[in-house]
Every structure is written in C-alpha cells, then in structure tokens.
Amino acid sequence: MTTYILYNPKAGKGNINDDIKKISALYEDEVECIDVTTLENLPDFVLQKNENEAIVICGGDGTINKFVNMVDTDSIKCDILYYPAGTGNDFLSDLGKTALECPISIKEYFKDLPMVQINGVDYKFINGVGYGIDGYCCEVGDALKASSDKPVNYTAIAIKGLLFHYKPTGATVTVDGKEYRFKKVWIAPTMKGRYYGGGMIPTPDQSRNDPDGKLSVMVFHDTGKISTLAIFPSIFKGKHVNHKKAVTVYSGHEITVQFDEPRPLQVDGETILGVTEYTAFSKVSAKV
C-alpha cells in the first residue's frame, strides 16, 4: 500500500521536516511526500487514489479547510489521515486527541460539513466562522507573518485590540428565522466544533456530532472595554458563558450575522476582510 503525505511547508513553527520524518517512520510500505502547495490539481490527485492507498494531511486547521473546499470529499475512495503541524490544532483538540496518537483517520468528519456564505461565495468549514475581534486578530496576525518569521502572539493582539484598536458594532443575529438585535457586539462566531482560535471554546455545549446537525453562535455583547477584557480570558475554558448579561448562545440550522459596519472575518483561520454579513448553513438546512 502506498501512503502519500501531503504537507504544508508554511504550517506550524517551521519544523515541518521533523514532522514528515516522524510520519514516514511509522509506515513500512511505500511512502511519498508531496508539498501540497505544488500540486497543480489537488482534486484529481486525491480522487484518483483507491481503497488500498492512503493520504496523510500534515498541516494545520487551515490546511484541512483548504482540502475540504477544493476536493469533493464525498467522492474520496482512499482513507484520509491527519497529523497536526499547525500552531493551534483546534480540530484535533475538538476530537479529544493529541499529536502522540496521530496520524488518525479523519475521513468520517468530512461528511455533512456545514457551509458559510460570504459575499455570495460558499465555503465549507470544519471548526468555525469567527467574526469580530477574532477576525481582526487574524488580519493583524497575517500582516505580522508577512513581515517577520517570529511567532505571532494572538493573545497579545486581542488584548491590544480590545483596549485600543478594535471597535464593536451593532449586529442583527438571525437563527432559523428568528431575529435578535444587539447594540454593541465584540465577537459573533458560528461553530461546528467547540474549539477555534488556538484554544478558545466559544460554544462549550456545541457538538461536532450533534444528531440534528445544529450549529451554535455565540454573541459577546454590550460590555465596555474593561469588563470585556476581564471576561475574555475565560473563553479559553468555556466559562465566559456564565456571564449571562454579556454572552448569549443560540443553536440552529441556519444562522445569519449582520454587522452594522464591515469587519474582518475568518473561516478556520483563513481571513476575509471587510465583511458585513455571513450566513452559516448546517448540512441538513434548506440551503443544502
């Protein structure tokens, strides 16, 4: 059996070659390592593989996101495994796994993925859609990555954003046709899993395997800078939801978040700038 390791050289902290060596050592059969960014036709490459072959995705959440958006995952015949080489690895955290247990098969998680529509374009997502200061953090982080090889401290970006740079805006949130209005929203992510943003747990009760396929949206709203900064760290434990006046969570199959002013948005860590509205659809919603 041939195993193909598709690796993203830009993932993680620059130690991708070490990861490749670790993965290759696990297989006695033929192993072929391929820089996924050099493949001219990823869909054809993947869909030509048969049941006796396997593909290992070596990268981060963004690498998986690009994979599921480029490939018709329902038509894949070979097994798809995952080895985490990103900085956050939120998908792996949501599965309750560690790097020591990898590579693990993740093909089953490619079924019934939700979609988000942004500016008329549909994207699948594996973890969540961040909108607000989380999108702002990705925007600033992308700029820092482009200008330096130093690791990006997203927590520091968030704190500075909360105190000085990021301004909340009014928002309308619609869940399965029911509309909710908020005067000042800092963040409004919609989640398939529980984790995103390098360990944040915005919707601790959300289940990737929800039998009804529901998504959850968390709205952090109507707080000042200091109180927001005081509550914000608890999102890494999922305890922010205990602040009922500041945090509201809804679940449903179709979720639209509309900001009064454009803000950056991120889909599994991939940044889209100047967004005023997104709509997320579960697989079982009317969209599909």
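1. Two strands are taken to pair if DSSP finds at least two bridges between them. Helices (H or I, at least four residues) and strands (E, at least two) are DSSP runs, numbered from the N terminus. This is a predicted model, in which local features need pLDDT of at least 70, side-chain atom pairs count only at pLDDT 80 or more, and totals for chains, interfaces and linings use all residues. Residues are numbered from 1 along each chain as its sequence is written, and side-chain values use heavy atoms, with hydrogens and water left out.

2. Strand S3 has partners in S1 and S4. Strand S1 (residues 3-7) runs parallel to S3 and is joined to S3 by five bridges; Leu6 stands opposite Ile57 in S3. With strand S4 (residues 79-84), S3 pairs over six bridges, again in the parallel sense. Here Ile55 stands opposite Ile80 of S4.

3. How many residues of strand S3 (residues 54-59) are buried? Six of its six are, where buried means under 20% relative accessible area, exposed over 50% and partly exposed in between (1.4 Å probe, protein chains only). Both faces of S3 are covered, with Ala54, Val56 and Cys58 on one side and Ile55, Ile57 and Gly59 on the other.

4. Strand S8 (residues 128-131) is likewise covered on both faces: Gly128 and Gly130 are buried on one side, Val129 and Tyr131 on the other. S8 pairs in the antiparallel sense with S11 over two bridges, and Gly128 has Met191 as its bridge partner there. S8 is also antiparallel to strand S14 (residues 254-267), over three bridges, with Leu265 of S14 the bridge partner of Tyr131.

5. Gln206 lies in the loop between strand S11 (190-191) and strand S12 (215-221). Gln206 and Thr276 are 70 residues apart in sequence, and their C-alpha atoms are 25 Å apart in space.

6. Asp29 sits in the loop between helix H1 (16-24) and strand S2 (31-35). Its relative accessible area is 43%, so Asp29 is partly exposed. Asp29 forms a negative surface patch with Glu28, Glu30 and Glu32. Such patches are made of residues with over 30% relative accessible area and no salt bridge, like charges being joined within 9 Å. A salt bridge is a side-chain nitrogen of Lys or Arg within 4 Å of a carboxyl oxygen of Asp or Glu.

Note on methods
Patch = residues over 30% accessible without salt bridge, like charges linked within 9 Å, V, L, I, M, F, W, Y side chains within 5 Å. Areas by Shrake-Rupley, 256 points an atom, 1.4 Å probe, with all protein chains shown as cover. Lys, Arg positive; Asp, Glu negative; His and termini not counted. Charge placed at Lys NZ, Arg CZ, Asp CG, Glu CD.
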